[in-house]
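Please look through the sequence and the structure shown here before reading on.

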Amino acid sequence: MESVQPPAGSQVSRVPAQRTPPDDFTPPLATPAPQRPQRGRALLALLIGVLALLASGGAAAGYLLYDQATAPDRSAPDVVVVNYLQAFLVDRDDAKAELFTCTDAGIDLNQLSVLRDDLELRERRFDTSISVRWENVRVVGQHSSAEVNIDILLSAFVNGLVQSERQEWRFLTNLKNEWQVCGAGRVS
């Protein structure tokens, strides 16, 4: 087959002619899949992680603060005696008062129990309530045991008159991990 040359100066290309295939043979144009925002997912995961960490840290801090706020204070001999008196004579809560006492068998708080029984008897007898306060808290010694002297003030409103009484008491305290009340007695 002889090749046919186009005439000189003609605009015909020397590239063989290309035919376009019919429409039913053309492959569909590939459309790129939509890109998911990878950066947004990473930020969302980071935000959720930080919030979870903050929430767990906040819960732990809340627990510790609650535990410290509700733990009985037995940090010093005078503090443990005052807290014991508040629980035993004012609140009359034996379970709470036990938190401040020695666990040894040699504990002697009988005189204070007699005082509380007497207060309850007088309140019923005179149909009144007796206020219990204390002052002049003095600590003697403070190594592994200490003596705490305190004035207990009792007052009541009876028959239109305020009646009061001052009693001096001596408490014995011991230091085992924390201070504890181990004995009490009225000073004559």
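## The chain as a whole

What is described here is a predicted model, and each value in this report was computed from it. The secondary structure of the protein chain comes to four helices and four strands, and along the sequence these elements follow the pattern α-α-α-α-β-β-β-β.

Of the 188 residues in the protein chain, 23% are buried. Among the contacts in the chain with a separation of 6 or more, 50% are made by residues 24 or more positions apart.

Helix H4 takes in residues 110-126, which is 17 residues, and from its first C-alpha to its last it reaches 24 Å, close to the 24 Å expected at 1.5 Å a residue. Which residues of H4 are buried? They are Leu 112, Leu 115, Arg 116, Leu 119 and Glu 123. Seen down the axis of H4, these buried residues fall within an arc of 95°, so they line one face of the helix.

The face of H4 turned away from the buried side carries exposed residues, namely Asn 110, Val 114, Arg 124 and Arg 125. The buried residues of H4, on the other hand, are covered by parts of the chain that include helix H2 (77-90) and helix H3 (94-98), together with strand E1 (131-140), strand E2 (145-158) and strand E3 (161-175).

## Glu 123, a buried residue of H4

Glu 123 has its place in helix H4, and because its relative accessibility is 15%, while buried means under 20%, Glu 123 counts as buried. Leaving aside residues up to four places away in sequence, Glu 123 touches Arg 92, Thr 128, Ser 129 and Ile 130.

Helix H2 has 14 residues and reaches 19 Å from its first C-alpha to its last, which is close to the 20 Å expected at 1.5 Å a residue. Its buried residues are Pro 77, Val 80, Val 81, Tyr 84, Leu 85, Ala 87, Phe 88 and Leu 89, and the buried residues of H2 pack against H3, H4, E1, E2, E3 and E4.

A search of the whole structure finds two aromatic pairs. One of them is formed by Tyr 84 and Phe 88, whose rings are stacked, with 5.5 Å from centre to centre and 10° between the planes. Both residues lie in H2, four residues apart, which is about one turn of the helix, and both Tyr 84 and Phe 88 are buried.

## The disulfide

How many disulfides does a search of the whole structure find? The search finds one, and this disulfide joins Cys 102 to Cys 182, with 1.4 Å from S to S. The pair links distant parts of the chain, 80 residues apart, since Cys 102 is in the loop between H3 and H4 and Cys 182 is in strand E4 (residues 179-186). A disulfide is a covalent bond between the sulfur atoms of two cysteines. Both Cys 102 and Cys 182 are buried.

## Residues with a positive phi

Most residues other than glycine have a negative phi, and against that background a few places in this chain deserve a second look. H4 is followed by Asp 127, whose phi is positive, near 50°, although Asp 127 is not a glycine. Asp 127 lies in the loop between H4 and E1, and because its relative accessibility is 71%, and exposed means over 50%, Asp 127 counts as exposed.

Asn 136, which is not a glycine either, has a positive phi of about 50°, but its setting is strand E1. Is Asn 136 buried, exposed or partly exposed? At 42% relative accessibility, Asn 136 counts as partly exposed. After helix H2, too, there is a positive phi, near 55°, at Arg 92, and Arg 92 is also among the residues that Glu 123 touches.

Notes. Residues are numbered from 1 along each chain as its sequence is written. This is a predicted model: local features need pLDDT of at least 70, side-chain atom pairs count only at pLDDT 80 or more; totals for chains, interfaces and linings use all residues. Side-chain values use heavy atoms; hydrogens and water are left out. Helices (H or I, at least four residues) and strands (E, at least two) are DSSP runs, numbered from the N terminus. The expected span of a helix is 1.5 Å times one less than its number of residues. Buried means under 20% relative accessible area, exposed over 50%, partly exposed in between (1.4 Å probe, protein chains only). The arc is that of the directions from the helix axis to the C-beta atoms. Contact means heavy atoms within 4.5 Å. A disulfide is a pair of cysteine sulfur atoms within 2.5 Å. Rings of Phe, Tyr and Trp (its six-membered ring) pair if their centres lie within 6.5 Å; planes under 30 degrees apart count as stacked, over 60 as edge-to-face and the rest as tilted.
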